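Welcome! Take a moment to look over the sequence and the 3D view, and then we will walk through a ligand's surroundings and a group of aromatic rings.

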Amino acid sequence: MNTENQLSMEEKELLSQLVSGSLSMHRLDKHVEKDRAVLLRRMALERIRDVQLEHIGSFSINENEASKRNIENMIGAVQVPLGIAGPVKIGGEFAQGEYYLPLATTEGALVASVNRGCSAISVSGGTVVRVFNEVMTRAPVFRMNDINHAKEFVDWIKDGDVFGQLQNKVSETTRFGKLTGVEPYVLGNNVYLRFEFDTKDAMGMNMVTIATQAIVDLISNEFGVYPISLSGNMCSDKKPAAINNIKGRGKTVVVEAELPAEVVEKKLKTTPQAMEEVNYRKNLLGSARAQSLGFNAHAANIIAAMYIACGQDPAHVVEGSSAITTMDVTKYGSLYCTVTLPALQLGTVGGGTIIGTQAECLALLGVAGGSDVPGANSKKLAEIIASAVLAGEISLVGAQAAGHLARAHAELGR
Ligand SMILES: CC(C)(COP(=O)([O-])OP(=O)([O-])OC[C@H]1O[C@@H](n2cnc3c(N)ncnc32)[C@H](O)[C@@H]1OP(=O)([O-])[O-])[C@@H](O)C(=O)NCCC(=O)NCCSC(=O)C[C@@](C)(O)CC(=O)[O-]
Ligand SMILES: NC(=O)C1=CN([C@@H]2O[C@H](COP(=O)(O)OP(=O)(O)OC[C@H]3O[C@@H](n4cnc5c(N)ncnc54)[C@H](OP(=O)(O)O)[C@@H]3O)[C@@H](O)[C@H]2O)C=CC1
């Protein structure tokens with residue numbers, strides 16, 4: 001437990017006010033520097049709850065930087081073990097060569113599994129991966145007087161001159177972001193405008209939210225309606241939603257690899273036929289019967305572990321998990337595998353990407369910060385994560401085809 005000897009007289013007084021409740025935790029920031037506020041809040045909690053927060057207090061994050069843009073009421077940091085899988089050979093438009101994958105997880109057997117998948121993919125020649133679409137969306141909801149009013153509004157917003165005005169307005173709020181489209185959706189007298197943006201190397205949710213505020217101010221001045229909410233859930237952010245799977249959100253990425261039968265037998269201890277059948281009956285039929293939005297084995301596992309490692313917003317695992325995995329035996333007897341990720345939201349600038357450990361993971365992948373051609377780094381990261389997901393799918397489907405799932409977790413996960 002931290003002792004009061006480390007504190008000045010003023011800090012001791014603030015600590016006792018925090019413990020008594022006469023000073024709220026967040027107001028402390030007005031009285032002391034951020035690093036001292038983090039310490040005092042932690043010490044107050046130790047006293048209030050009679051616990052020791054020694055590990056929470058052990059970190060290298062810069063409290064001033066983090067308190068500006070990543071966290072409020074900071075008391076420390078939690079640690080998640082970081083493992084490495086690979087190298088995996090990737091043939092992307094942006095990611096080309098061999099990559100070590102940082103995975104932050106507490107699930108034993110996960111890193112071993114991705115590592116095995118990487119090895120099987122690499123000896124088979126690597127992945128081929130492409131980003132097909134990139135778009136970040138924000139969709140305010142407007143309550144119109146009646147259907148006529150809704151129709152007038154939709155016709156107005158579709159006018160090319162109006163769209164040009166909106167684009168100009170957006171360019172006043174961001175140097176990098178561009179408004180690329182707007183799609184109106186109507187429900188009764190509600191109109192949802194799904195604005196689409198290219199956010200380059202940023203994941204972009206702050207960027208597009210600020211831009212959309214400027215857009216709705218213009219709409220209010222020009223058309224006389226103001227949204228009920230800046231986000232009307234047709235965006236759709238951090239919720240499982242078919243619209244993201246169909247239209248895409250973040251990066252839409254597709255990855256493939258073809259494994260010769262000998263590789264499947266040697267590396268995965270099974271056959272292409274057995275893996276094809278597991279994929280069909282589990283990932284396709286089982287997911288359909290369960291009415292799942294994701295037709296895969298564990299895309300979320302790899303996305304979550306790489307998002308945590310690389311400073312992404314982990315809530316976006318929701319959309320990322322809606323991936324579809326296919327596995328087909330070819331006429332040559334090899335196994336052709338693909339993963340389609342319709343909505344992989346990520347960035348290499350902003351958000352959690354600047355925190356020391358996360359920035360180091362991005363550096364390990366060669367994608368820390370913005371790229372010379374804005375957007376290239378985020379697409380490279382998308383290609384790498386998609387390849388990692390494929391490695392995870394190949395290994396887990398292989399383990400289930402071989403009947404090794406329970407054994408692997410008994411040995412490595414407990
Ligand atoms: C565990 C293995 C990999 C063993 O796999 P194996 O083939 O029995 O082991 P091996 O000793 O022959 O090693 C083969 C390769 O695996 C890797 N490997 C092997 N051990 C390690 C290790 N300690 N650390 C790092 N890498 C390891 C490594 O690449 C190695 O090659 P080598 O380098 O030796 O030439 C395999 O059985 C496996 O992948 N099982 C599946 C485990 C898995 O994917 N778990 C993910 C979580 S499951 C879950 O959360 C979701 C679920 C299951 O509920 C979803 C669903 O419904 O399906
Ligand atoms: N506000 C919301 O509703 C939501 C917010 N979030 C949070 O949003 C954060 C991510 O938002 P995001 O907008 O990505 O990040 P930031 O708000 O951190 O902004 C990133 C900024 O980086 C600048 N930038 C510098 N170089 C580049 C480059 N090469 N490409 C693109 N932008 C560049 C841009 O400035 P400029 O704009 O001047 O071009 C951009 O706005 C995360 O913390 C996430 O948790 C998540 C969901 C919803």
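The shell around ligand 2 is made up of six nonpolar, eight polar and seven charged residues. Keep in mind that this is a predicted model.

**Around ligand 2**

- In total, 21 residues surround ligand 2, and the closest are Arg138, Phe176, Gly204, Asn206 and Asp313.
- Helix α7 (residues 205-223) gives the largest share of this shell, with four residues.
- Domain 2 (82-134 + 250-412) and domain 3 (140-223) each supply at least three residues of the shell.

**Polar contacts of ligand 2**

- The side chain of Arg138 has an N or O atom 2.7 Å from an oxygen atom of ligand 2.
- A polar backbone atom of Phe176 is 2.8 Å from an oxygen atom of the ligand.
- For Thr209, a polar side-chain atom lies 3.2 Å from an oxygen atom of ligand 2.
- On its own, ligand 2 has 930 Å² of accessible area, and the protein covers 75% of that.

**Aromatic rings**

- The model has four aromatic pairs.
- One of them joins Phe142 and Phe153 edge-to-face, at 4.9 Å centre to centre with 65° between the planes.
- Phe142 sits in strand β4 (residues 141-143) and Phe153 in helix α5 (residues 147-158), so this pair ties together parts 11 residues apart in sequence.
- Phe153 and Phe223 also pair: their ring centres are 4.9 Å apart and their planes are at 40°, so the pair is tilted.
- Because Phe153 is in helix α5 and Phe223 in helix α7, that pair links parts 70 residues apart in sequence.
- Phe153, at 0% relative accessibility, counts as buried, and Phe223 counts as buried at 18%.
- Phe142, Phe153, Trp156 and Phe223 make up one aromatic cluster.

Key: Residues are numbered from 1 along each chain as its sequence is written. Chains are lettered from A and ligands numbered from 1 in the order in which they are written. This is a predicted model: local features need pLDDT of at least 70, side-chain atom pairs count only at pLDDT 80 or more; totals for chains, interfaces and linings use all residues. Side-chain values use heavy atoms; hydrogens and water are left out. A residue is near a molecule or strand if one of its heavy atoms lies within 4 Å of it. A polar contact is a pair of N or O atoms within 3.5 Å; within protein, one must be able to donate a hydrogen and the other to accept it, and residues adjacent in sequence count only if both atoms are side-chain atoms. Accessible areas come from the Shrake-Rupley method with a 1.4 Å probe; for residues, only the protein chains shown count as cover. Helices (H or I, at least four residues) and strands (E, at least two) are DSSP runs, numbered from the N terminus. Ala, Val, Leu, Ile, Met, Phe, Trp, Tyr, Cys and Pro count as nonpolar, Asp, Glu, Lys and Arg as charged, and the others, Gly among them, as polar. Domain bounds come from an automatic or database domain assignment. Rings of Phe, Tyr and Trp (its six-membered ring) pair if their centres lie within 6.5 Å; planes under 30 degrees apart count as stacked, over 60 as edge-to-face and the rest as tilted. Buried means under 20% relative accessible area, exposed over 50%, partly exposed in between (1.4 Å probe, protein chains only).
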